[in-house]
Amino acid sequence: MRILFVVMGIGLGHATRDLAIIKKLNCDVRIGTYSSAYEFFKEKYETFKIPYIRFPENSFSVSFWKIVFCNLFTPLNLYRAHLILKKEVKEFEPDLIVTDSELLTSYSAKRLKKPVIGIHNHNLERIKNIEKSKNRNLRLQAKYLYKLVEFGTKNCSKIIVPELVGGKKNGKIRYIDPILDESKKVIKNNAILIMLGGSRFTHPFIEKIIPFLRKQKERFIIFGYKDFEEGNIRSYKFNPDFVAYLRGCKGLITFAGYSTLSETLYYKVPSIVFSIPGHLEQYINAQTVSKIFMTDIDSKTPEESISRFLKKIPEQRKKLKKLKIKNGLDEAVRIIKGVTKT
């Protein structure tokens, strides 16, 4: 069996869950992606670059109109992406295309007469609710994303939506538990971890709070910033053992990226969850886990929120012991294999 994966390249969340699926499938794969995910995959599998929708990462916020401005040449790039996929499909001759959050790939797959499975993090009901928001920026993003998801999935044989918290549905759209590459490795550190994700959006945030962190009694380990060690702070630009550190930490300060939240829920780590201002997906994710973790959406005083969180870690740990969450990896693999057999 041959499968062509087309993967969202911003950050590493999509790449790491697709790697778990690929290892479990144990088949021939070729991967189309870009940015961080390209660097992640290029030494592991045959990987090619594709054009992509760009997000401005030079500030700690997301604006609908900035996204539009950064993508004025999107129609041309999408045509280029189609030509690249056409070439790769002709050379590789895949039995199936799996597209993870690259929502326009299904259109090319249909034209190339290849079955396609879509994987994405978007619950359409939650997006629809944001369309009623008083925040004009979020409202515009929600309307755009809703139409994009509808367009990007209508040609898919199946759609896999890993849910942080929620029910499951059968049929074309399959809501499953988070997809995780489980790790047995534990690095005991008794520290407060800070996960910034794979993009530069969060760098202004960490630069603002580092002076505050230096004054605390806790030890802090930062992932996704710069490589340095100073006093009670250790920072890694990239460290492949994040999950091992997560399993042995005291608590976590994180943003509302899907992948980190999935791991944090699964391993039941006390956390405070921030949201990048104006970032629709992070806003929805933070709302989704707000009954489980301490959350702070669009905070202007993160130091105060972190101080409250540090005091409530024991209380949150007790609450997390009652949480029941499974790994959706096996179910995702069954769905993919089921499509290849039809």
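**Buried and exposed sites in a predicted chain**

Ser 101 is buried, with a relative accessible area of 11%, in a model that is predicted. The residue lies in the loop between β4 (96-100) and α5 (105-111), and its phi is near 65°, a positive value in a residue other than glycine. A positive phi is also found at Asn 190, which is not a glycine either and has a value of about 50°. Asn 190 is placed in the loop between β7 (173-176) and β8 (192-195), where, at 55% relative accessibility, it counts as exposed. Because buried stands for under 20% relative accessible area and exposed for over 50%, Ser 101 at 11% falls under the former term and Asn 190 at 55% under the latter. A further positive phi, near 55°, belongs to Lys 268, which follows α10.

The loop between β7 and β8 also holds Lys 188, which is exposed, with a relative accessible area of 78%. Although Lys 188 and Tyr 245 are 57 residues apart in sequence, their C-alpha atoms are 6.7 Å apart in space.

The chain as a whole has 13 helices and 14 strands. For 342 residues, a compact globule would have a radius of gyration near 20 Å, and the value of 20 Å found for the chain therefore agrees with that expectation. Taken along the principal axes, the C-alpha atoms fill a box of roughly 60 × 45 × 40 Å. Of the 342 residues, 55% count as buried. Among contacts between residues at least 6 apart in sequence, 63% join residues at least 24 apart.

The buried residues of α10 are Tyr 258, Ser 259, Thr 260, Leu 261, Ser 262, Glu 263, Thr 264, Leu 265 and Tyr 266. In helix α11 (residues 280-288), seven of the nine residues are buried, so that this helix is largely enclosed by the rest of the structure. The buried positions in α11 are Leu 280, Gln 282, Tyr 283, Ile 284, Asn 285, Ala 286 and Thr 288.

The packing of a pair of helices was examined next. Two packed helices are described by the angle between their axes and the distance between the axes. For helix α8 (residues 203-214) and helix α12 (residues 302-320), the axes come within 10 Å and cross at roughly 60°, and the two helices are therefore oblique to each other. The crossing in which α8 passes α12 is right-handed. On the side of α8, the residues that take part are Phe 205, Lys 208, Ile 209 and Phe 212, and these meet Pro 302, Glu 303, Ile 306 and Ser 307 in α12. By class, this contact of α8 with α12 has five nonpolar, one polar and two charged residues.

Ile 233, in strand β11 (residues 233-236), is buried, with a relative accessible area of 2%. When residues up to four places away in sequence are not counted, Ile 233 touches Ile 210, Leu 213, Arg 214, Phe 220, Ile 222 and Phe 228. The C-alpha atom of Ile 233 is separated by 17 Å from that of Ile 187, which lies 46 residues apart from it along the chain.

Pro 94, found in the loop between α4 (74-92) and β4, counts as buried at 1% relative accessibility. Leaving aside the neighbours within four places in sequence, Pro 94 is in contact with Arg 2, Ile 3, Leu 4, Val 89 and Lys 114. Pro 94 and Asp 28 are 66 residues apart along the chain, and their C-alpha atoms are separated by 8.8 Å.

Notes:
Residues numbered from 1 in each chain as written. Predicted model: local features only at pLDDT ≥ 70, side-chain atom pairs only at ≥ 80, totals over all residues. Heavy atoms only, no water. Buried < 20%, exposed > 50% of the residue type's maximum accessible area, 1.4 Å probe, protein only. Helix = DSSP H or I, 4+ residues; strand = E, 2+ residues; numbered from the N terminus. Axes fitted to C-alpha atoms, helices over the stretch in contact; angles between N-to-C directions. Parallel < 35°, antiparallel > 145°, perpendicular 65-115°, else oblique. Left-handed = near helix turned anticlockwise from the far one by under 90°. Contact = heavy atoms within 4.5 Å. Nonpolar A, V, L, I, M, F, W, Y, C, P; charged D, E, K, R; others polar. Rg over C-alpha atoms; globule rule 2.2 N^0.38 Å.
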